[in-house]
Amino acid sequence: QEQLVESGGGSVQAGGSLTLSCAVSGYTYRHNCLGWFRQGSGKEREGVAAIYTGGGITYYADSVKGRFTISRDNRKRTLDLQMNGLRPDDTAMYYCAADYVSAKECEMRWAVHEYNYWGQGTQVTVSS
């Protein structure tokens, strides 16, 4: 059974750091198109960062560039999101997503947020 489970969320003060991790089990370990998304209260879901592991291609939302880093740990079978310089507007439920597609399709999936597999989410709260 394919499953994605997020962890690492919590409450921090502005300027702090958190590292989110998404454990990938089942056949999802082969998925090469993975991403992090978030949804704040009363807001639409937005893309945070994505990676195509076939070529190490990464995508970031403008709002997190220079602060967040996405990476895939094949040994641990996790998708990680290092978040530095957190701001109150980063407060949201964070979800990881995965799929197995070509590089071009992965870029499209990132743009439209359409992945076949999603985790349940982990809450990040940043106070001012």
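Biologist: In this predicted model, which two cysteines form a disulfide with their sulfur atoms 2.0 Å apart?

Modeller: A disulfide is a covalent bond between the sulfur atoms of two cysteines. Here C22 and C96 form such a link, with 2.0 Å between their sulfur atoms, and the torsion about the S-S bond is 50°, which is right-handed. The pair joins distant parts of the chain, since C22 sits in strand β3 and C96 in strand β9, 74 residues apart, and both cysteines are buried.

Biologist: How many disulfides are there by this rule, and what is the pairing when the bonded cysteines are numbered in sequence order?

Modeller: The count comes to 2 disulfides, and the pairing in sequence order is 1-3, 2-4. The other link is formed by C33 and C106, whose sulfur atoms lie 2.2 Å apart; because the torsion about its S-S bond is about 90°, this disulfide is right-handed. It connects C33 in strand β4 with C106 in helix α1, 73 residues apart in the chain. C33 has a relative accessible area of 0% and is therefore buried, and C106 is likewise buried at 0%.

Biologist: Which residues have the most contacts inside the largest nonpolar core?

Modeller: In soluble globular proteins, nonpolar side chains tend to be buried together. The largest nonpolar core of this model has 25 residues, and those with the most contacts inside it are W36, V48, F68, L79, L81, M83 and Y94. The elements that give two or more residues to this core are β3, β4 (33-39), β5 (46-52), β7, β8, β9 (92-99) and β11 (122-127). Apart from it lies another core, of 10 residues, among them A50, Y59, A97 and W110. If V48 is taken as an example, its contacts beyond four places in sequence include W36, F68, L81 and Y94, as well as Y59 and W110.

Biologist: Polar residues can also be read in this way; is S21 buried or exposed, and which side chain does S21 join in a polar contact?

Modeller: S21, which is placed in strand β3 (residues 18-25), has a relative accessible area of 18%, and because the cut-off for buried is under 20%, S21 counts as buried. Its side chain joins that of D80 through a polar contact of 3.0 Å. Leaving aside neighbours within four places in sequence, S21 is in contact with V5, E6, S7, W36, T78, L79 and D80.

Biologist: Where does D90 lie, and which side chain does D90 join in a polar contact?

Modeller: D90 lies in the loop between β8 and β9, and with a relative accessible area of 0% D90 is buried. A polar contact of 2.8 Å joins the side chains of D90 and R67. Its contacts beyond four places in sequence are with R38, R67, F68, G85, V124 and V126.

Biologist: Turning to the backbone, what is the phi of R77, and what is the phi of H113?

Modeller: R77 has a positive phi of about 55° although it is not a glycine, and H113, also a residue other than glycine, has a positive phi near 60°. R77 lies in the loop between β7 (68-73) and β8 (78-83), whereas H113 is found in the loop between α1 (103-112) and β10 (117-118). In accessibility, R77 counts as partly exposed at 39%, while H113 counts as buried at 18%.

Terms used:
Residues numbered from 1 in each chain as written. Predicted model: local features only at pLDDT ≥ 70, side-chain atom pairs only at ≥ 80, totals over all residues. Heavy atoms only, no water. Helix = DSSP H or I, 4+ residues; strand = E, 2+ residues; numbered from the N terminus. Buried < 20%, exposed > 50% of the residue type's maximum accessible area, 1.4 Å probe, protein only. Polar contact = N/O pair within 3.5 Å; in protein donor to acceptor, adjacent residues only side chain to side chain. Contact = heavy atoms within 4.5 Å. Core = buried A, V, L, I, M, F, W, Y, C linked by side-chain atoms within 4.5 Å. Disulfide = S-S within 2.5 Å.
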